[in-house]
Amino acid sequence: GGLEGLGAAGEARFACGAVVKEVDCVLLATGYLYSFPFLEGSSAIAVEDNRVGPLYEHMFHPALGASLSFIGLCWRVVPFPQFELQAAFVAAALSGRAKLPSAHAMADAAAEHYARLAADGVPQRHTHMLGRSQFEYNDRLADGAGVPRLPSWREEMYTLTGQSKRANPDSYRDVHQDEHLLPLVDASFDPDKVAAAAC
């Protein structure tokens, strides 16, 4: 059962009656429950059944454009490369290097996205869950920001890791099916190649 309480002597009590002594740390992993108390009272952004919206590309409110941007809402993704692309897209939009669609077009795109999810039977609370569609999304972000797309090995590594996780839930971190990708990974992070790409 769930954690019921912590004792002064460092013990943790659980709903099932179990007690663990000498607990050093309690990590509360609450998941993705979006809340923006600093926006309460604003009609711009709503959080309903864990959908933050309306948002164009999970980031931009149609009426506010880049002036209010959300980075990191998406889940079941490879997070940090995606967050970097989101930040690049926001920066490009704020600087004027990237032009967002009109407010009307962004609102229509958000509404169409929500309608597709509903038609596919995706619960509203999973609006920001991307899974395999993250790679197409990442490409749109990169193209919109005018930055290079992520290398293709990331998608293959994601797929192989997911297969390994399902097949070997207890050992997938120790059993690697993607070692053939390591030369591509190394090349992606070669400082000389990264510097040359930046020029």
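This is a predicted model: local features need pLDDT of at least 70, side-chain atom pairs count only at pLDDT 80 or more; totals for chains, interfaces and linings use all residues.
Q: OK, how many salt bridges does a search of the whole structure find?
A: The search finds 5 salt bridges, a salt bridge being a side-chain nitrogen of Lys or Arg within 4 Å of a carboxyl oxygen of Asp or Glu. One of them joins the side chains of arginine 140 and glutamate 136, with an N to O distance of 3.4 Å.

Q: Where do arginine 140 and glutamate 136 lie?
A: Both are in helix α3 (residues 134-145), 4 residues apart, which is about one turn of the helix. Helices (H or I, at least four residues) and strands (E, at least two) are DSSP runs here, numbered from the N terminus.

Q: Which residues are linked with Glu136 in a network of salt bridges?
A: The network links Glu57, Glu136 and Arg140.

Q: What does arginine 149 form salt bridges with?
A: Arginine 149 forms one with aspartate 139, where the closest N and O atoms are 3.4 Å apart. That pair links distant parts of the chain, since aspartate 139 is in helix α3 and arginine 149 is in the loop between α3 and α4 (153-167), 10 residues apart. Arginine 149 also forms a salt bridge with aspartate 143, and there the closest N and O atoms are 2.6 Å apart. Arginine 149 counts as partly exposed at 47% relative accessibility, as does aspartate 139 at 24% and aspartate 143 at 45%.

Q: Switching to rings, how many aromatic pairs does the structure hold?
A: The structure holds 5 aromatic pairs. Among them, phenylalanine 36 and phenylalanine 70 have ring centres 5.1 Å apart and planes at 70 degrees, so the pair is edge-to-face. Rings of Phe, Tyr and Trp (its six-membered ring) pair if their centres lie within 6.5 Å, and planes under 30 degrees apart count as stacked, over 60 as edge-to-face and the rest as tilted.

Q: Which parts does the pair of phenylalanine 36 and phenylalanine 70 tie together?
A: Phenylalanine 36 lies in the loop between β3 (19-20) and β4 (46-48) and phenylalanine 70 in the loop between β7 (65-69) and α1 (79-95), so the pair ties together parts that are 34 residues apart in sequence. Phenylalanine 36 is buried at 17% relative accessible area, and phenylalanine 70 is buried too, at 6%.

Q: What about phenylalanine 60 and phenylalanine 89?
A: Their ring centres are 5.5 Å apart with the planes at 90 degrees, so this pair is also edge-to-face. Phenylalanine 60 lies in strand β6 (residues 60-61) and phenylalanine 89 in helix α1, so the pair ties together parts that are 29 residues apart in sequence. Phenylalanine 60 is buried, with a relative accessible area of 0%, and phenylalanine 89 counts as buried at 7%.

Q: New topic: what is the strand order in the open sheet of 3 strands?
A: The order is β1-β2-β3, with antiparallel pairing, and two strands pair if DSSP finds at least two bridges between them. Strands β1 and β3 stand at the edges, each with a single partner strand, so one side of each is left without a neighbour in the sheet. Strand β2 (residues 12-14) is joined to β3 by 2 bridges, and arginine 13 has valine 19 in β3 as its bridge partner.

Q: Last one, which peptide bond is cis?
A: The bond from glycine 53 to proline 54 is cis, with omega near 0 degrees, and proline 54 is found in the loop between β5 (51-53) and β6.

Q: And where are aspartate 49 and asparagine 50, which have a positive phi?
A: Aspartate 49 is in the loop between β4 and β5, with a phi of about 50 degrees although it is not a glycine. Asparagine 50 is also in the loop between β4 and β5, with a phi of about 65 degrees. Aspartate 49 is partly exposed at 46%, whereas asparagine 50 counts as buried at 15%.

Key
Residues are numbered from 1 along each chain as its sequence is written. Side-chain values use heavy atoms; hydrogens and water are left out. Buried means under 20% relative accessible area, exposed over 50%, partly exposed in between (1.4 Å probe, protein chains only).
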